[in-house]
Each structure stands twice: as structure tokens, then as C-alpha cells.
Amino acid sequence: MNHPFRKKWGQNFLVDNNLLKKIVRTINPKSDNSILEIGPGEGALSEKILPIVKEMVGVEIDPLLIEKLKIHDKLKDLIIIKGDVLLYEIDKLPISNPVRVIGNIPYNITTPIIFWLIEQLDYWDDAFLMVQKEVANRLVAQTSTKAYGKLTVVVGAYLDIKSKFIIPPDVFIPKPRVDSAFIHLTKKLKPLIEDKNYITFNKIVSTAFNQRRKMLKNSMKSWDISDQIIQTIDFTRRPETLSIKEFASLIE
Ligand code: SAM
């Protein structure tokens, strides 16, 4: 690889051909798929998926890598978009939707990317992302575990997430300092929270988990929650014992 690695853009490139094949098998691309790849980099994953699918867009922020992608002989049909993916809306990209989203994404923008997906549920079907193992653990955490928290609940109200496999640092160049996990995101048939309550729900869940060790009756004092809900849920409980559905029921 004869280009600089830009830390600020979370660049860790996949170099293990077996792992790339396993990733493709897991994504299981189909001939009628429209694929949006976040951060194609040098195109290691793109070149394996592009020949199978109907159409594919890659959004890449690094101008040097854009130039490499443009001259890549196996990526002539890849629609390359330059810039920060978070500033794009999926339905404005030159590809039909709903898309399937894939990406070995920069770890520093994992949470923004997941919320970016939640904010445009109509325009994608499923997503496969490479994330830090520790973040994957939080996303799939069960109640009453250390990893269960705000991220689990707020994301879990909209999405179902499965961790497909764990990846050690040595299949990347440069090696990240942590293990990674390849995760699959699908949309709940019916989100547990209506769009109009999205911000309130975020705030309620934050309030509860900001004082994780306190009983809800103490941490939630500033919220006007009906006596009936308080009794049904039992506000002597601590936040990590509430299921995602129970959190959703706090919003009337
Ligand atoms: N997909 C390649 C691979 O697997 O080898 C590269 C993965 S690397 C972890 C992340 C890629 O995302 C880099 O190419 C980086 O330049 C790009 N990137 C970083 N921030 C981005 C953003 N906000 N929008 C689009 N691409 C971004």
C-alpha cells in the first residue's frame, strides 16, 4: 500500500483475502441488490461485491483514495462519491433505494453512522458494519450486564443487531489496537418509539443511565411520569434491569 494512513479517518485496511471472502459470504450479495459502501478505501471489499450486484455506490472521504478507486481496473462500474458519508442522505445518492449498506467503517464515527441509519430507515434494508468489539458488545448486550446501557436501548428501539464474528487486529494494515466485530443490522418491523418521540426517548434513557447505580425513582425525579407507569415498571429498579420495551413504555 503506497499511500499514507490517515488516523483521523480511521484507516485500517483489510488485507486478508480469506477474511474478505468470509465477509462477502456473510453479506450474501444478490444480483438485484443496490449496495452503498461506506469508506471503500482501496476497494478490497468493493471489487469482490461489485461484479455480483445490480449497482453500487462508494462514499469515500480521502481524496488520495478517491484517485486510486477511479483508476482501479475492477471498479469501473463503481459510482464513487467524494465526501463525508454523514453529510449525505441515502435517497439523494445516485442509486435506487432501499439500499443494503456495508462498510469497514472508521471506529470513531460508529455511533454517528448508526444514528445516521436510524434517521433514514425508509431508504435501506439491512447493514453490515465492522465495529470495535466493545461497541458490538454494547449493541447486543442483555439486561443486567455491564455492557447494557444507553446505546443498547436507544439503538435497540429501532434495530435488531447480531454480531456475526470477531476479527483480530492482525488482518488489518495498520493493525488497530482492539478486536473488531462484524455486525448485521436489520430494522424492527415496527420501531418501539414513534419518530416524534425520538429526542424525548434519547433524553429519558440518558437520564436513567447517567446515574446508573440509582433507583429510577431517584434518577427520574425531574421527569413527569404517571403513577400507573411508575407502579407497572416498579421504580425501585435500577436502569440496567429494564428491557428495551419497558424503557419504551415510559413514553406515553
Ligand atoms: N473499506 C476499506 C477496507 O476495508 O480496507 C477501508 C476501511 S478503513 C477502516 C475506513 C475507510 O473509510 C477509509 O478509506 C477512510 O478514508 C474512509 N472514511 C473515513 N471517514 C469517512 C467518512 N466520514 N465518510 C466516508 N468515508 C470515510
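What follows is a chat about a predicted model and its ligand.

User: Let's start with the ligand. Where does the ligand sit?

Analyst: In the largest pocket. Keep in mind that the model is predicted.

User: Which elements give two or more residues to the shell around the ligand?

Analyst: Strand E1 (13-14) and strand E3 (55-60) do that.

User: And which residues come nearest to the ligand?

Analyst: There are 21 residues around the ligand, and Gln-11, Gly-39, Glu-60, Asp-84 and Asn-104 come nearest.

User: How does that shell divide into nonpolar, polar and charged?

Analyst: Ten residues of the shell are nonpolar, seven are polar and four are charged.

User: OK, polar atoms next. What lies 2.6 Å from an oxygen atom of the ligand?

Analyst: That's a polar side-chain atom of Glu-60. Asn-104 also puts a polar side-chain atom by a ligand oxygen, at 2.8 Å.

User: How much of the ligand's accessible area does the protein cover?

Analyst: On its own the ligand has 600 Å² of accessible area, and the protein covers 97% of that.

User: Switching topic: how many aromatic pairs are in the whole structure?

Analyst: A search finds five. One of them is Tyr-148 with Phe-209, an edge-to-face pair with 6.2 Å centre to centre and 70° between the planes.

User: Which parts does that pair tie together?

Analyst: Tyr-148 is in the loop between helix H5 (133-139) and helix H6 (150-156), while Phe-209 is in helix H7 (residues 198-210), so the pair links parts that are 61 residues apart in sequence.

User: Now the backbone. Where's a cis peptide bond with omega of about 5°?

Analyst: Between Asn-97 and Pro-98. Pro-98 is in the loop that runs between strand E4 (79-82) and strand E5 (99-104).

User: And what joins Ile-173 and Pro-174?

Analyst: A cis peptide bond as well, with omega about -15°. You'll find Pro-174 in the loop between strand E8 (172-173) and strand E9 (180-187).

User: Last one: what is phi of Asn-28 near?

Analyst: It's near 55°, a positive value in a residue other than glycine. Asn-28 is in the loop between helix H1 (17-27) and strand E2 (34-38).

Definitions and conventions. Residues numbered from 1 in each chain as written. Predicted model: local features only at pLDDT ≥ 70, side-chain atom pairs only at ≥ 80, totals over all residues. Heavy atoms only, no water. Near = heavy atom within 4 Å. Polar contact = N/O pair within 3.5 Å; in protein donor to acceptor, adjacent residues only side chain to side chain. Areas by Shrake-Rupley, 256 points an atom, 1.4 Å probe, with all protein chains shown as cover. 1 Å grid on protein atoms, 1.4 Å probe; cavity = no way out; pocket = protein on both sides within 12 Å on 5 of 7 lines; lining within 4 Å. Sits in = over half its atoms within 2 Å of the grid points. Helix = DSSP H or I, 4+ residues; strand = E, 2+ residues; numbered from the N terminus. Nonpolar A, V, L, I, M, F, W, Y, C, P; charged D, E, K, R; others polar. Phe/Tyr/Trp six-rings, centres within 6.5 Å; stacked < 30°, edge-to-face > 60°.
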